[in-house]
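Q: I'm new to this one. Could you take me on a close look at the place where the two protein chains meet?

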Protein chains: 2
Amino acid sequence: MNEDDDLGALCAGAGRALAEAERPVLERHGLTMWQYVVLSALAAGAAPSQLVLAQQIRYDKTRLITLLDALEAAGLVAREPDPADRRARVVRLTTEGGRRHAAVRAEIREVEDGKLAGLSVEARRVLRSALAHLANTE
Amino acid sequence: MNEDDDLGALCAGAGRALAEAERPVLERHGLTMWQYVVLSALAAGAAPSQLVLAQQIRYDKTRLITLLDALEAAGLVAREPDPADRRARVVRLTTEGGRRHAAVRAEIREVEDGKLAGLSVEARRVLRSALAHLANTE
DNA sequence: CGAAACGATACGCACCTGCTTATCATTTGT
DNA sequence: ACAAATGATAAGCAGGTGCGTATCGTTTCG
């Protein structure tokens, strides 16, 4: 992977390398990548509806249902009807879900830090900032 | 996409945003993302065999065949038996393939530069360097 | 009130993916 | 020289993805 490749190729390469390195962590905790994505999204705050959650994480709304079924069966998330709109189901982390997410996230951070070894603190800051900028430039 | 998300999520977000922005360019030139990836790989030098090419771009070797079929039919790449090992086929860009790749790459660079607007020259350099570092940390 | 919109859910489709198996020509190692 | 390994190719399979359709309960609005 060369430094003067297309930016898209570089992002894909870095993302793939990270995903590969993180897969063992997820497997050890019995989570798929998408399940972890859901937990991460909910850790930032409960989702007002499954539809909103699907849009947040860019996952197909009809497939999200079975994904949530599994997480609910595992006791990591809870679906509760929104009292203000009983069509919608509010999705939130259970206590156990919060614990599990925090544990996995901590290990993932360790893996990331390992991959970032060799980069200055300033370079890491710029990297995160630039990636967030790219991701938000719609 | 928040700056303190997981690095993997940030890479995925940035990559997705770039891919979305670049898709119109590829469509206008009648190329798929994978076809462009092949042209890019070959622009750096002919592939000694299809197997090596598949590994370089991390694409399934059995699917690469139909991908190359299309590119060959479009006159963008050429497959020639390796004189040193007649089992292998050397894959290289045709003149037209080189032209097409250069044209598409130029447009993609423009799109990327647009997305990078707001980032200093130094930040862009650090970004590329850090992504390449991540992608190569196996 | 009654029609239209909306959220959750189920189901099926078309496509893409990595993987496996099998065949054939060619090369390599003993 | 002959068996094993290798590269290209074809074909098929299981899993994943986005998308469209249909149903059902609930909400909104004229």
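A: Here is a walk through that meeting place, from the whole contact down to one residue.

First, the ground rules: this is a predicted model, where local features need pLDDT of at least 70 and side-chain atom pairs count only at pLDDT 80 or more, while totals for chains, interfaces and linings use all residues. Residues are numbered from 1 along each chain as its sequence is written, and chains are lettered from A and ligands numbered from 1 in the order in which they are written.

In total, 35 residues of chain A are in contact with 35 residues of chain B (in contact means that the C-beta atoms, placed from the backbone, lie within 7 Å). On chain A's side, α1 (7-28), α5 (95-116) and α6 each bring at least two residues; helices here are DSSP runs of H or I with at least four residues, strands are E runs with at least two, and both are numbered from the N terminus. Sort that side by class and you get 19 nonpolar, 9 polar and 7 charged residues. Nonpolar covers Ala, Val, Leu, Ile, Met, Phe, Trp, Tyr, Cys and Pro, charged covers Asp, Glu, Lys and Arg, and the others, Gly among them, are polar.

How do the two copies relate?

Now zoom in on α6. The axes of α6 (residues 121-136) of chain A and α6 (residues 121-136) of chain B come within 9 Å and cross at roughly 95°; axes are lines fitted to C-alpha atoms, for helices over the stretch in contact, with angles from 0 to 180 degrees between N-to-C directions. The two helices are therefore roughly perpendicular, a label for 65 to 115 degrees. Ala123, Val126, Leu127 and Ala130 of both chain A and chain B make the contact, which has 8 nonpolar, no polar and no charged residues.

Last stop: Leu18(B), in helix α1 (residues 7-28) of chain B. Leu18(B) counts as buried, because 24 C-beta neighbours sit inside 10 Å (buried takes 20 or more other C-beta atoms within 10 Å, with C-beta atoms placed from the backbone). Leaving out residues up to four places away in sequence, Leu18(B) touches Leu7(A), Gly8(A), Cys11(A), Leu134(A), Glu112(B) and Lys115(B).

Definitions and conventions:
Parallel < 35°, antiparallel > 145°, perpendicular 65-115°, else oblique. Contact = placed C-beta atoms within 7 Å. Buried ≥ 20, exposed ≤ 12 C-beta atoms within 10 Å, placed from the backbone.
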